[in-house]
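Subject: Structure for your review

Dear colleague,

Please find below the structure I am handing over to you. My findings come after it.

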Amino acid sequence: YINQIKSEQDAALTRYVASLPLEQKIAQLFIENLEGCTKFRSYETVGAMTGSNDKTPLIAGGYIFFSYNIAETREQMQDYITSIREYCNEYENIQPYLCVDQEGGWVSRLKKLNPKLPSNEKVAQEFDVNGSYALYTEQAAGMRELGFDMNLAPVVEICTEDNTEFLDGRSFGDLEQVITYGRACINAYENNGIATVLKHFPGNTNTDPHTGLPEITLSKTELLSSIESFRQLVQYKPAAVLMSHARTTAIDHGVPACLSGVWVTDILRNQYGYDGLIFSDDIFMGALADNGYPPAVAAIRAVEAG
């Protein structure tokens, strides 16, 4: 009976997606940045995509809030997010995911509005599993009250000598710690209405992808061992996985992971059995743009990768 209901739901979703205009289907593939923190409007139109005079707004599948999009008070933040929801309703558009990087520690976009959130490293050092679940539950409640529905967290990379400088406290620690606290983090947010995003698959090095292209030179055995945390944690149904820009010598050599069909489809989708959303990291980062993958090229390659 449950399988029958799921089959009917899937069929209904397929019919609904098929009914959407092509331009809207394309817009749904993207998470975009926003302007300001007071009132929303879309800057894309159907006409810009088709070369016509059609002024119908295009609304992305999601929007990411950076520090300059965070209002000074909770009330102002709620008003801004309400303006997004109302705009989408006005144009009968699918409501977008509203995303923010609320990892904890120095990556805390909501530090002015939500309770203080320690870094992953501090959580693993100072909290037990129940305490960490309560901590992330509190964050989820605050995010929902503001109007957000997706947290671009947690980072579930294992901390090693090769990435510790770049991660800088963003990892829970070794494999056991990452799995234990990553599971508590995923469950706390997802159980309380906030979608989670595991990142950055299949890892990073100490090269900052904002400015350079990380090269992971581990052997295949070492590489697969280093990403065991992702293999195990996707079983807890996080809403999304975010791909890194890193290239790996041992697998699909020379291709950034977020543009690699081997990493995205063969491994994450097929081998790991993950059926949620898969995001690329920011396609405007220097790691891609300065190494032969300008945004227009990277966008197409990411879609082709799966």
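Predicted model: local features only at pLDDT ≥ 70, side-chain atom pairs only at ≥ 80, totals over all residues.

In soluble globular proteins, nonpolar side chains tend to be buried together. Here the largest nonpolar core has 78 residues, and those touching the most other members are Phe 65, Met 77, Phe 148, Phe 201, Met 243, Trp 263 and Leu 268. The most is given to this core by helix α8 (residues 175–190), with 7 residues. Beyond its neighbours within four places in sequence, Met 77 is in contact with Phe 65, Asn 69, Ile 70, Ala 71, Leu 113, Leu 146 and Phe 148.

**Asn 69**

Asn 69 counts as buried because its relative accessibility is 0%, and buried means under 20%. Its side chain reaches the backbone oxygen of Leu 34 at 3.3 Å. When neighbours within four places in sequence are left aside, the contacts of Asn 69 include Leu 34, Glu 35, Gly 36 and Cys 37, as well as Ile 64 and Tyr 80.

**Salt bridges**

The count of salt bridges comes to 11. One of them joins the side chains of Glu 145 and Arg 74, with N to O at 2.8 Å. Glu 145 belongs to helix α6 (residues 129–146) and Arg 74 to helix α4, so this pair ties together parts that are 71 residues apart in sequence.

Another links Asp 101 with Lys 199, whose closest N and O atoms are 2.8 Å apart. Because Asp 101 lies in the loop between β5 (97–100) and β6 (102–104) and Lys 199 in strand β9 (residues 195–201), the pair ties together parts that are 98 residues apart in sequence. Asp 101 is buried, at a relative accessible area of 9%, and Lys 199 also counts as buried, at 4%.

The side chains of Glu 228 and Arg 231 meet in a salt bridge at 2.6 Å, N to O. These two residues are 3 apart in helix α10 (residues 228–233), which means that about one helical turn separates them. Glu 228 counts as buried at 18% relative accessibility, whereas Arg 231 is partly exposed at 36%. Elsewhere, salt bridges that share partners join Asp 101, Glu 103, Arg 109, Arg 170 and Lys 199 into one network.

**Gln 102**

Gln 102 lies in strand β6 and is buried, with a relative accessible area of 1%. The side chain of Gln 102 makes a polar contact with that of Gln 139 at 3.0 Å. Apart from neighbours within four places in sequence, Gln 102 is in contact with several residues, including Arg 109, Asn 114, Met 143, Asn 151 and Tyr 189.

**Surface patch**

Leu 29, Phe 30 and Val 303 make a nonpolar surface patch of about 280 Å². Leu 29 is found in the loop between α2 (22–27) and β1 (31–33). With 56% relative accessibility, Leu 29 counts as exposed, because exposed means over 50%.

Yours sincerely

Terms used
Residues numbered from 1 in each chain as written. Heavy atoms only, no water. Buried < 20%, exposed > 50% of the residue type's maximum accessible area, 1.4 Å probe, protein only. Polar contact = N/O pair within 3.5 Å; in protein donor to acceptor, adjacent residues only side chain to side chain. Contact = heavy atoms within 4.5 Å. Patch = residues over 30% accessible without salt bridge, like charges linked within 9 Å, V, L, I, M, F, W, Y side chains within 5 Å. Areas by Shrake-Rupley, 256 points an atom, 1.4 Å probe, with all protein chains shown as cover. Salt bridge = Lys/Arg side-chain N within 4 Å of Asp/Glu carboxyl O. Helix = DSSP H or I, 4+ residues; strand = E, 2+ residues; numbered from the N terminus. Core = buried A, V, L, I, M, F, W, Y, C linked by side-chain atoms within 4.5 Å.
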